[in-house]
Amino acid sequence: MNIMKKIFLALIAVLMVAGVAVADDKIVEIPFNKVPDLAQRTVKAYFPENTVVKAEKNKSKDMKNRTRVYLDNDATIDFDKDGHWMIVDCRGSHVPMKMVNGKIQMYLGKNYPGREVVYMGREIKNGDITFILDDGTELHFTNENTIIE
């Protein structure tokens, strides 16, 4: 390999590392009491048995000041800047059913008895919600809680 090629590859590697360092600077660990109030209430109401391990604020422009809370059961919850949940990822356990809208609870009970929700995520643009069940089934509902087939 010639010297110019080695220098070029070394430069690319340095730039990639610098890019990762800049991206990481936008994620900062924060104390749980600095998480938006609505998010704190959500965690306390739906996960009262769990302990918050840490909380992070993502200040990057595309994440719009989202906050992620990590729980001791390996669950993570992402909140928007106002404290509304956006993603509840409980793949090591399950999402508490009282977090799921009543109409969707009834649908799940009727069509997927005994199944647990392990993930739910809300679309930013339209509010539609995706659910993943413990058997891998993926379901999509509109923001009016109607199944999207």
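V52 belongs to strand β2, residues 52-58, where helices (H or I, at least four residues) and strands (E, at least two) are DSSP runs, numbered from the N terminus. With a relative accessible area of 23%, V52 is partly exposed; buried means under 20% relative accessible area, exposed over 50%, and partly exposed in between, with a 1.4 Å probe and protein chains only.

Residues are numbered from 1 along each chain as its sequence is written, and side-chain values use heavy atoms, with hydrogens and water left out.

**The whole chain, coloured by confidence**

Zoom out, and the protein shows three helices and eight strands, which run from the N terminus on as α-β-α-β-β-β-β-α-β-β-β. Colour by pLDDT, the predictor's confidence in each residue, from 0 to 100: the mean for the protein is 85, and 81% of its residues reach 70 or more. Confidence is lowest in helix α1 (residues 3-24), at a mean of 49, and highest in helix α2 (residues 37-46), at 97. Where pLDDT is low, the predicted coordinates should not be read in detail. Of the 149 residues in the protein, 35% are buried, and residues 24 or more positions apart account for 39% of the contacts with a separation of 6 or more.

Strand β1 (residues 27-30) runs antiparallel to β2 and is joined to it by four bridges; select I30 to find its bridge partner A55 in β2. Six bridges join β2 to strand β3 (residues 66-71), again antiparallel, and here E56 has R68 in β3 as its bridge partner. Show the side chains of K54 and Y70 as well, since the charged end of K54 sits over the ring of Y70, 5.0 Å from its centre; a charge sits over a ring if NZ of Lys or CZ of Arg is within 6 Å of the ring centre and within 35 degrees of the ring normal.

Select T76 next, in strand β4 (residues 76-79). This residue is buried, with a relative accessible area of 16%, and, not counting residues up to four places away in sequence, T76 touches R68, V69, Y70, I87, V88 and D89.

Move on to strand β5 (residues 85-89), which pairs with β6 in the antiparallel sense over three bridges, with V88 standing opposite M120 in β6. At W85, look for R122, which lies over the face of W85 at 3.9 Å from the ring centre. Five of the six residues of strand β6 (residues 117-122) are buried, so β6 is largely enclosed by the rest of the structure. On to β7: β6 and β7 pair in the antiparallel sense over five bridges, and the bridge partner of Y119 in β7 is I132. The hairpin of β6 and β7 has six residues between the strands, and G127 there takes a positive phi near 80 degrees.

A search of the whole structure finds three aromatic pairs, where rings of Phe, Tyr and Trp (its six-membered ring) pair if their centres lie within 6.5 Å, and planes under 30 degrees apart count as stacked, over 60 as edge-to-face and the rest as tilted. The rings of Y107 and F141 have centres 5.5 Å apart and planes at 85 degrees, so this pair is edge-to-face. The pair links distant parts of the chain, with Y107 in helix α3 (residues 102-111) and F141 in strand β8 (residues 138-141), 34 residues apart. Y107 is partly exposed at 24% relative accessibility, whereas F141 is buried at 1%. F131 and F141 also form an edge-to-face pair, 5.5 Å centre to centre with 90 degrees between the planes. F131 lies in strand β7 (residues 129-133), 10 residues from F141 in strand β8, and both F131 and F141 are buried.

Notes
Contact means heavy atoms within 4.5 Å. Two strands pair if DSSP finds at least two bridges between them.
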